[in-house]
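Dear colleague,

I am passing on the structure we spoke about, and you will find it just below. My notes on what turned up in it follow after that.

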Amino acid sequence: MLKWVQGGLSAVTGIAEPEYGPDYIHPVTDGVKNKQPYQIATKEDFKWQSPQQTNVETQTFYFTDLSNGLIGFAQVIHSNVVGIHTTAQFTFKLYDTNTGKQIWTSTKLEDFIIKGENFYANNLQIELDEENKTYHLVSKVNEESIVDLVFEKIVPAVKVGKDGTTIYGDDVENPWGTMRHVFWPRNKVSGKITSKNTETGETKAFNINGLSMFVMALQGMKPHHAAATWNFLNFHSKSLSAVVMEFTTPKSYASTKVSIAIVSNDQGIVTVSINNESIHQKQKIDEIGWPQPNAIEFKFHGVDSKATDEEVANGSAKPVECKVYGDLTLVERVDVMNEIPTFVKNIVSGVAGTKPYIYQFWNNMTIELDDIKETSIGYVETTFITEL
């Protein structure tokens, strides 16, 4: 009971958590060991959760236009701090691999409202069609990044376990924190991005026609309590897509790693793996004090997506081995404390040892799966929040 009270207090006050141990973390991946780890996610899974306690909920649409060498993302961040202050932000990034130039905007949203799977604000709308096949995102909130993009499923949506959720606390029926992810792993994307240079008045348009990955995420607790580090990969080649969503908890939850990897092609899901390695290479301590990687290798040890629970359990499921690797060139190091709303910052900044930075990389990377070996543009994020 004492630890439950401590957990509740830390969720309100922002104080550092005690070391609860492994019994107080229930990874979504633990519930699917020796089973086919994934299920097809339904339209219902993409409704905004909007819990009343402290949380950060996001919709992120990643896009890769291989023909034009353009890559980026559009994201809505909906934050609720201790149930009394709610904010929303639209962040956008476009990186031109031909020139090395990028567009980056982060804009506060006004008069935002959630309706099921859809999100609206002044000059912004994100809508899922009735057939659950297409998202349409339109944003005119910032003249530096006017976005009109359509995302259409190629393969089914995916969730791990029954709902994609990792639970924090000693009572799984009444958790004091959660982490949730559901995915559209491989999609078509088309549309237009227009950017006005506020200094020169020059307007530039980018036509987008490529591939995308969409993820909806919920951190139902303070981010620095939920995870100490993150590794993320979004990779699309002509034949294959790969996504990695991996976090390791702080010491308070036994530095537990939760890792999900999805590999897909135009025919469907190839594998959803919960046994993965994210290997940082050529590390160098930077001026912030974090070990920045300059190369990375992701290894996935999964089973065929069509294997049954019984086949996985008895060891007869066809194994799937895949890897994505390459050198990393830092595009941007994001100081999270400079990006989050002031109200959130005031709570997080009081926690000793919290210095969250996101390292963003866009590089040519190589994927290997069976007899396929392809090189394409990959987007990698490594995030350091607290010491492990």
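This is a predicted model: local features need pLDDT of at least 70, side-chain atom pairs count only at pLDDT 80 or more; totals for chains, interfaces and linings use all residues.

Ser255 sits in the loop between strand S17 (241-248) and S18, and although Ser255 is not a glycine, it has a positive phi of about 45°. A second residue of this kind is Asp370, a residue other than glycine with a positive phi near 50°, placed in the loop between strand S26 (357-369) and strand S27 (372-384). Asp370 is exposed, with a relative accessible area of 67%. As background to both, most residues other than glycine have a negative phi.

Salt bridges

The structure holds eleven salt bridges, and I describe some of them here. Glu130 pairs with Lys43, with 3.7 Å between the closest N and O atoms, and this pair links distant parts of the chain, since Glu130 belongs to the loop between strand S9 (124-128) and strand S10 (134-139) while Lys43 belongs to the loop between strand S2 (38-40) and strand S3 (55-65), 87 residues apart. Glu130 counts as exposed, because its relative accessibility of 67% is over 50%.

Lys93 and Glu332 form another salt bridge, at 2.5 Å from N to O. This pair, too, links distant parts of the chain, with Lys93 in strand S5 (residues 85-96) and Glu332 in strand S25 (residues 330-335), 239 residues apart. Are the two partners buried or exposed? Lys93 is buried, with a relative accessible area of 0%, whereas Glu332 counts as partly exposed at 21% relative accessibility.

In a further salt bridge, the side chains of Arg186 and Asp266 meet at 2.9 Å, N to O. Arg186 lies in strand S14 (residues 177-196) and Asp266 in the loop between strand S18 (257-265) and strand S19 (268-273), so that distant parts of the chain, 80 residues apart, are linked. Arg186 counts as buried at 1% relative accessibility, while Asp266 is partly exposed at 43%. Finally, Asp286, Glu287 and Arg333 are linked in a network of salt bridges.

The largest pocket has a volume of about 510 Å³, and of the 24 residues that line it, Lys162, Asp163, Thr165, Ile167 and Val172 are the closest to its centre. Strand S13 (165-168) and S14 each give at least two residues to this lining, which by class is made up of nine nonpolar, nine polar and six charged residues.

The second largest pocket holds about 400 Å³ of space and is lined by 18 residues, with Gln102, Ile103, Ser195, Lys204 and Phe206 nearest its centre. At least two lining residues come from each of S5, strand S6 (102-108), S14 and strand S15 (203-219), and the lining has five nonpolar, six polar and seven charged residues.

In soluble globular proteins, nonpolar side chains tend to be buried together. The largest nonpolar core here has 37 residues, of which Tyr168, Phe183, Tyr253 and Ile262 touch the most other members. Another core, of 33 residues, lies apart from it and includes Ala88, Phe92, Ala121 and Ala157.

With best regards

Technical notes
Residues are numbered from 1 along each chain as its sequence is written. Side-chain values use heavy atoms; hydrogens and water are left out. A salt bridge is a side-chain nitrogen of Lys or Arg within 4 Å of a carboxyl oxygen of Asp or Glu. Helices (H or I, at least four residues) and strands (E, at least two) are DSSP runs, numbered from the N terminus. Buried means under 20% relative accessible area, exposed over 50%, partly exposed in between (1.4 Å probe, protein chains only). On a 1 Å grid over the protein atoms alone, a cavity is a set of points where a 1.4 Å probe fits but cannot get out, and a pocket is an open set with protein on both sides within 12 Å along at least five of seven lines; lining residues have an atom within 4 Å of a point. Grid points are joined across faces, edges and corners, and a volume is the space filled by probe spheres set on the points. Ala, Val, Leu, Ile, Met, Phe, Trp, Tyr, Cys and Pro count as nonpolar, Asp, Glu, Lys and Arg as charged, and the others, Gly among them, as polar. A nonpolar core is a set of buried Ala, Val, Leu, Ile, Met, Phe, Trp, Tyr and Cys residues joined through side-chain atoms within 4.5 Å.
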